[in-house]
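Let us walk through this model step by step. Keep the sequence and the 3D view side by side as you read.

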Amino acid sequence: MRKSWWKILAAVLLIYTFTAGFLIKVPELGILKESSRNLFFHVPMWFGQIILLTTSMIYSILYLRKPDLRYDIYASSLAKTGILMGVLGLLTGAIWAAYVWGAPWSNDPKQIGVAIALLIYFAYLVLRNAIPDIDKRAKISAVYNIFAYFIYIPLIMILPRMVESLHPGGKGVEGNPGLNGADLDAAMRMVFWPAVIGWTLLGTWITTLNIRLYLIRDKNLINAK
Amino acid sequence: MRNKIYWLLSLPCLLFTRFDGYAQSNGVVETTMRSNNKIYVVMAVCITILVGLFIYLVSIDKKIAKIEDRQ
């Protein structure tokens, strides 16, 4: 294993999350009951995803400044893991909603916003695979990735603040579009933040595996520059 | 390598048998794993999946490292 300390940290934090996440006492919040423990699993998907996609967008800008194929590999690998976490976030949200809101899909503004954002990122993957020329693919997908990011952020951060929703946060409700911070007690915070770091590190680990694989595969192309 | 895999696979089984044996010897149903509406069973399942995923990631990581060294 390469640079293993943070990978071990990811494992320790997530095992802590999976243990303490089930063991601590959670406050009874209305209809949520014990399902509020999902906070340690569903919400970090969004934190991790935003961090990965932001980093991906930064590497796309770096590629446009200096067309190094390595930046393209970083950007696309980060985006792929970000999209994976997005899909998992949406699915876990639907499972949670099925038992709390009464239906897995209730056309809630947050569900629709995220679904559109994910479709835009799916198009990124399709676009990449549609262009056989490596330099053209890297350049066009870098431009598209920056565009996708700046439509993704309004869809999940700005629009949810402007409309009413079943989800915590948003118009007329306390908190940000992700969660109502006032609902968390001290014990939940002590699990929630390590969970966010742990899940993000796990996402980063998967991303680095992808990056290392592509760096080896495209070794000749990178050295040719 | 193979021994290691068997050992890891048997971990969840050990957990299961130990607590089950305990239940029989005492004649009590409400053991640790069965208390609180069996929520600890869910916890054990989730931790098993998580540990399994990490073992898989470590093995991929090592394989890539081996290829990187060969370069």
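H6(A) and H2(B) run roughly parallel to each other, because their angle falls under 35 degrees. This is a predicted model. The packing angle between H6(A) and H2(B) is about 25°, and their axes lie 10 Å apart. In chain B, this H2 covers residues 35-70. The crossing of H6(A) and H2(B) is left-handed.

Which residues meet there? From H6(A) come A:Trp205, A:Leu209, A:Arg212, A:Leu213 and A:Ile216. From H2(B) come B:Leu57, B:Ile60, B:Asp61, B:Ile64, B:Ile67 and B:Glu68. Sorted by class, this contact of H6(A) with H2(B) holds 8 nonpolar and 3 charged residues, with no polar ones.

Now step back to the whole meeting of the two chains. In total, 14 residues of chain A are in contact with 16 residues of chain B. On the side of chain A that touches chain B, H1 and H6 each supply at least two residues. H1(A) gives the most, with 6 residues. By class, this side of chain A has 10 nonpolar residues, 1 polar residue and 3 charged residues.

A:Arg2 sits in the segment before H1 of that chain. Is A:Arg2 buried or exposed? A:Arg2 is exposed, because 12 other C-beta atoms lie within 10 Å, and a residue with 12 or fewer counts as exposed. Even so, A:Arg2 touches chain B, at B:Asp61 and B:Ala65. Within chain A, A:Arg2 and A:Thr208 are 206 residues apart in sequence. In space, the two are 10.0 Å apart, C-alpha to C-alpha.

The largest nonpolar core has 45 residues. Which of them touch the most other members? They are A:Ala10, A:Leu14, A:Leu53, A:Ala75 and A:Ala79. Six helices of chain A give two or more residues to this core: H1 (5-23), H2 (43-65), H3 (69-100), H4 (109-130), H5 (134-162) and H6 (186-217). H2(A) makes the largest contribution, with 10 residues.

Leaving out residues up to four places away in sequence, A:Ala10 touches A:Gly198, A:Leu201, A:Leu202 and A:Trp205.

Key:
Residues numbered from 1 in each chain as written. Chains lettered and ligands numbered in written order. Predicted model: local features only at pLDDT ≥ 70, side-chain atom pairs only at ≥ 80, totals over all residues. Core = buried A, V, L, I, M, F, W, Y, C linked by C-beta atoms within 7 Å. Buried ≥ 20, exposed ≤ 12 C-beta atoms within 10 Å, placed from the backbone. Helix = DSSP H or I, 4+ residues; strand = E, 2+ residues; numbered from the N terminus. Contact = placed C-beta atoms within 7 Å. Nonpolar A, V, L, I, M, F, W, Y, C, P; charged D, E, K, R; others polar. Axes fitted to C-alpha atoms, helices over the stretch in contact; angles between N-to-C directions. Parallel < 35°, antiparallel > 145°, perpendicular 65-115°, else oblique. Left-handed = near helix turned anticlockwise from the far one by under 90°.
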